Structure formats: structure tokens, C-alpha cells
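Thanks for coming. I will go through one structure, and I ask you to keep the picture in view while I talk.

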Amino acid sequence: MEQEHKRRVRYQGTHPRNFQEKYKELNPEKYRSDVEKIIQSGKTPAGMHIPIMVEEILDVLQIQPGMTGYDATLGYGGHTRKMLEQLQGQGHLYSTDVDPVESEKTRARLAELGYGPEILTIRRMNFSQVDQVAPGEAFDFVLADLGVSSMQIDDPGRGFTFKRDGPLDLRLDPTTGITAAQRLRELDEEELTALLVENADEPYAERIAKGVLGTLKGGGRVETTRQLAAIVEEALSFLPQAERKEAVKKSCQRTFQALRIDVNSEFEALYAFLEKLPGVLKSGGRAAVLTFHSGEDRLVKKAFKQHLREGLYREIAGDVTRPSAQECFQNPRARSTKLRWAVRA
Ligand SMILES: C[S@@+](CC[C@H](N)C(=O)[O-])C[C@H]1O[C@@H](n2cnc3c(N)ncnc32)[C@H](O)[C@@H]1O
């Protein structure tokens with residue numbers, strides 16, 4: 001009789017092999033108590049994003065049941081969820097994001113919480129097209145929480161972090177456009193220097209650009225996050241040892257930020273959004289924008305001031321609001337946040 005061949009069960013090892021297996025938090029509903037513990041310790045669980053300045057935003061937006069609103073940057077849906085709670089089942093919220101991967105997960109998560117299409121419309125759209133989100137409708141409130149989510153940063157496959165190796169991609173929507181690695185091959189030294197200065201005020205822009213272009217011209221590769229980080233490190237090797245580590249970290253942060261802004265045309269999208277915003281707000285409608293670096297904040301401040309002068313807004317924030325010290329302690333990713341608001345005339 002032929003014996004049934006049984007495959008030996010393979011030893012999986014004690015360490016998870018990839019990012020998806022590594023963190024229990026990636027399934028936050030299943031491991032709720034682990035997630036709570038991680039948040040209390042001042043960290044963001046992997047696969048999650050903690051919404052920033054929620055109280056301050058709700059104060060500004062003054063959401064009432066029956067209103068129609070727009071969350072320009074759905075992300076993990078933290079702010080969307082808080083705004084939906086204010087609607088108490090009456091009215092409608094539109095939420096957009098360019099990221100197809102995370103948007104789908106968020107849609108499913110919010111649907112499970114009971115927020116389906118009758119109260120929430122999720123669209124995969126760039127907020128630069130804010131006038132196309134709900135044609136024929138105007139909004140009582142609008143929120144834009146700019147930049148990237150923690151899930152995007154934490155996933156090495158997306159290329160947003162230099163802390164782990166991954167493809168140098170940096171696209172918010174990986175289905176369109178070109179990657180940061182491809183973009184680097186298009187630029188000359190002068191252009192890359194200008195990009196690093198204009199998008200991130202990088203003080204060592206020239207040295208870094210020289211390093212990148214030198215590597216590419218010499219037949220080397222700048223295809224992964226760690227390859228780019230190594231070039232930044234090498235470019236700053238002239239610094240005294242004592243200050244080098246911190247300087248390299250900051251320059252890496254700024255270099256990745258500058259490239260991300262470029263490959264996603266972030267300033268152009270924000271400019272278009274701010275220009276169209278008064279046109280989609282009802283009279284008395286309120287808008288709040290969270291920014292994470294000075295370039296973004298400058299654009300918001302300028303647009304709000306100009307539209308106030310033109311009589312499109314009746315009131316704007318006199319100054320930025322910052323998150324509380326306690327929020328920054330609990331969520332270090334909140335530290336650079338600035339909130340500005342405007343009210344439609
Ligand atoms: C900081 S996160 C938002 C987090 C969200 N408020 C929450 O509570 O989970 C920013 C999100 O905006 C998206 N985003 C960035 N630029 C965008 C644009 N031009 N149009 C639409 N979404 C954009 C990113 O993909 C990311 O998911």
C-alpha cells in the first residue's frame with residue numbers, strides 16, 4: 001500500500017519575517033489592549049494613525065447634526081470618525097484621499113463601525129479637485145490634515161522612512177506618477193539642490209545633491225531608502241563626530257520630505273485647494289487646516305489673508321494654534337503641527 005506522504009511542518013522561526021507579520025497592532029481591533037498600552041507609552045501602534053488636535057479642530061468647526069462636511073485627508077479616518085460623531089447620524093460627510101491602499105482599509109473599518117454610504121461618501125481623489133468632490137453642494141465645514149499618515153510612514157514598502165530599507169518610492173498614490181528614485185535620475189545637481197532648499201530648507205543641500213549625482217554618474221544606484229540615507233551620511237561626514245549623528249538624522253528627514261513634496265506635487269495641490277476653498281464653503285462655513293512644516297503653513301497663511309482682504313472670508317485665525325504639551329508628549333508626531341482656520345463671509 002502506498003504510504004501517504006506527509007510534509008514536515010516547517011519551522012517558522014521565532015522572529016516574524018516581514019512588516020505585516022511583525023506587529024500585532026496591525027490588527028488593532030483584535031489586540032485592543034496592546035494598542036492602548038502602546039498609545040499610553042507615547043508611541044503610535046503600527047498600522048494606525050492617531051488624529052491630531054481633535055478638540056481644537058472640533059472647537060473651530062462647530063459641527064451640528066444635519067450639516068454637510070468634507071474631510072480632505074481621510075487617512076486612518078480618525079478625524080472623519082470624530083466629525084461623524086458630531087453629526088449624530090444626520091447630515092453627510094465626504095472624505096477623500098489619494099492613497100488607494102489605506103483608503104480601502106479605512107472605508108472597511110468605518111463601515112464596520114456603522115458609517116456607511118448613507119452618512120459617509122469616501123472618494124479616492126486629490127483635494128486639489130475640492131470643487132469636484134460633491135458637485136452642486138456647498139460645505140458647512142472642511143478639514144485638511146496635510147502630509148502623510150503614520151501607516152504610510154511605517155510601511156517600508158512605501159519608501160517614506162529612511163529608518164528601514166525599502167524602495168525609494170514616496171508616492172502617496174503608488175498607482176500613478178513616478179517614484180522618487182526615478183525623479184532623482186531626471187534632475188541635475190543644480191535642480192536637486194534647489195529642490196532640497198525650496199521644499200525643506202536643507203542647509204547641506206549642495207553637498208547632498210553632489211553626493212546623489214556623483215553616485216548616479218559613477219554608475220551607482222540610488223534606488224532604496226537606505227542607499228539615499230547612506231549618501232546623506234557620507235555628504236555630512238565632514239561634520240565633527242559629536243554633532244554628526246543628529247545632523248544626519250535631520251538632513252535625512254528633510255531630504256525625504258523634500259522629495260515627497262516634489263513627487264506628489266504637494267505645494268501645487270495645496271495651492272489649488274486653498275484657491276478653490278472659498279468657492280465650496282457655505283456662507284458662515286468653517287475651514288481648518290493642519291500643516292506640518294513652514295512651507296505649507298506659509299501657503300495657508302498667505303491664501304487665508306488674501307481671501308480675507310478680498311472679502312471671501314469674514315474671519316481668519318490671527319495666529320497658529322499649536323497642540324498642547326500633553327498631546328505632544330503622548331504623540332510626538334504632533335510636535336510640528338500648526339492649525340489655522342477661516343470662516344466664509
Ligand atoms: C496626516 S494624514 C491624515 C490623517 C487623518 N486625518 C486621520 O485622522 O487619520 C494625511 C493623508 O492625506 C492624504 N493626502 C495627502 N495629500 C493629499 C491630496 N493632495 N489629496 C488627497 N489626499 C491627500 C495622504 O495620503 C494621507 O493619507
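I start just after helix α9, where Gly219 takes a positive phi of about 85°. Helices here are DSSP runs of H or I with at least four residues, strands are runs of E with at least two, and both are numbered from the N terminus. Residues are numbered from 1 along each chain as its sequence is written. The model is predicted: local features need pLDDT of at least 70, side-chain atom pairs count only at pLDDT 80 or more, and totals for chains, interfaces and linings use all residues.

Now α9 itself. This helix covers residues 205-217, which is 13 residues. From first C-alpha to last, α9 reaches 18 Å, close to the 18 Å expected at 1.5 Å a residue; the expected span is 1.5 Å times one less than the number of residues. Its buried residues are Ala205, Arg207, Ile208, Ala209, Gly211, Val212 and Leu213. Buried means that 20 or more other C-beta atoms lie within 10 Å of the residue's own; 12 or fewer is exposed, in between is partly exposed, and C-beta atoms are placed from the backbone. An α-helix has 3.6 residues a turn, so residues three or four places apart point the same way. The cover over the buried residues of α9 includes α7 (180-186), α8 (189-200), α10 (225-235) and α11 (241-263). Contact here means C-beta atoms, placed from the backbone, within 7 Å.

Next, the whole chain. The protein chain has 14 helices and seven strands. Of its 345 residues, 41% are buried. Among contacts with a separation of 6 or more, 67% are between residues 24 or more positions apart.

Two strands pair if DSSP finds at least two bridges between them. β1 and β2 run parallel and are joined by four bridges, and Tyr70 stands opposite Tyr94 in β2.

On to helix α4, residues 78-87. His79, Thr80, Arg81, Met83, Leu84 and Leu87 are buried there. They pack against elements including α3 (54-61), β1 (68-71) and β2 (92-97). Just after α4, Gln88 has a positive phi of about 50°.

Last, Ile52, in the loop between α2 (32-40) and α3. Why is Ile52 counted as buried? Because it has 21 C-beta neighbours inside 10 Å. Its contacts beyond four places in sequence include Asp145, Leu290 and Pro323.

Conventions. Contact = placed C-beta atoms within 7 Å.
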